[in-house]
Amino acid sequence: MRKRSYRSRAVAVTAAAALLGIVGTAGCDAVGGNEAAPTGSTSRSKPSTKPTPAWDLSPNSIAAVGDSITRAFDACEALSDCPKVSWATGTDAKVNSLAVRLLGKAGAAQRSWNYAKTGAQMAELDVQMSQAATRKPELVTVLAGANDACQPTVPAMTPVPEFRAQFEDAMSTLREASPKTQVFVASVPDLKRLWSIGRTSEASKRLWKLGICPSMLADPDDLGAASTSRRDSVQDRVKEYNAVLEEVCAKDKLCRFDTGAVYKYRFATAQLSTVDWFHPSTSGQKLLAEMAYRVVTAPKPADLKLPTG
């Protein structure tokens, strides 16, 4: 197994997590743990006779990792998390979260855990996975990566090879501690689409000046060549991140990617927070829950038809 060169960085970033971010922990009392992975053998081995593990369409427990979307940041009050309306583990009836759809409201309250953190980047996912793995959940949801693009400048965005290594490390951590856990991976949203909607609100633009995704949202009304090029660079990086999420997930028999559904969806004002016009509203959280539920419960993911807005 490849040496984990980003584990120490994940711990450092967790200790100094940002206060704001685009896309989103409760219950951080859990302690993560890892078992040593078996070393590879140089001798010729016989083909495995073990059957390919089957995907369970009705997992009985859920842990969520990621960033501010999964914490439902700005969905209820300004500059605050609102996990009760989280698409992944929330219990509010208005959202009908993935956990509620799979476990029922009582089950969602007892057997779902939200380890996401507002402002988290991919480097922090390893620690979050370690926390989630202590619960031995039957399903882990992942929605992360937007903060890696939402940096002060374009050069400060997480390089793609680094992003890949960090996600691989997080998946390895989960597999070592909880090998049978299924994983649902959501794509990173189209940040440029969110800029194009939010810039119509003077109130949101004032809030953006506090530091929300400056690589995309700085000087929102500037349509000159330099600003346009900057936004295009952020959008291109998000596409590269999504390609990484899809490729790494495809290597794991118990991982399903959303086929780019979150990125492709053309979010409208109804699905965005009226606080910042950037994070999902309760309606947007409900939409994310619907997308995730379709992927998790689909007999054949390749045949999925997900909403595109």
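This tour moves from the whole protein to its sheet and then to selected helices.

**Whole protein.** Begin with the complete chain, which is a predicted model. The protein has 309 residues, and 54% of them are buried. Its accessible surface comes to about 13700 Å², with 54% of that area belonging to carbon and sulfur atoms. Colour the model by secondary structure to find 11 helices and five strands.

**The sheet.** Next, select the five strands, which form an open sheet with parallel pairing. Reading across the sheet, the order is β2-β1-β3-β4-β5. Residues 112–114 (β2) and 255–257 (β5) stand at the edges; each of these strands has a single partner, so one side of each is left without a neighbour in the sheet. On average, neighbouring strands are turned by 15° against each other, direction ignored.

**A pair of strands.** Now select residues 139–143 (β3) together with residues 182–185 (β4), which pair in the parallel sense over four bridges. Within this pair, Val142 stands opposite Val185 in β4. In general, strands of a sheet pair through backbone hydrogen bonds.

**Helix α5.** Finally, select residues 160–177. This helix, α5, reaches 26 Å from its first C-alpha to its last, close to the 26 Å expected at 1.5 Å a residue. Helix α5 is mostly covered, as 15 of its 18 residues are buried.

Conventions. Residues are numbered from 1 along each chain as its sequence is written. This is a predicted model: local features need pLDDT of at least 70, side-chain atom pairs count only at pLDDT 80 or more; totals for chains, interfaces and linings use all residues. Side-chain values use heavy atoms; hydrogens and water are left out. Helices (H or I, at least four residues) and strands (E, at least two) are DSSP runs, numbered from the N terminus. Buried means under 20% relative accessible area, exposed over 50%, partly exposed in between (1.4 Å probe, protein chains only). Accessible areas come from the Shrake-Rupley method with a 1.4 Å probe; for residues, only the protein chains shown count as cover. The expected span of a helix is 1.5 Å times one less than its number of residues. Two strands pair if DSSP finds at least two bridges between them. Axes are lines fitted to C-alpha atoms, for helices over the stretch in contact, and angles run from 0 to 180 degrees between N-to-C directions.
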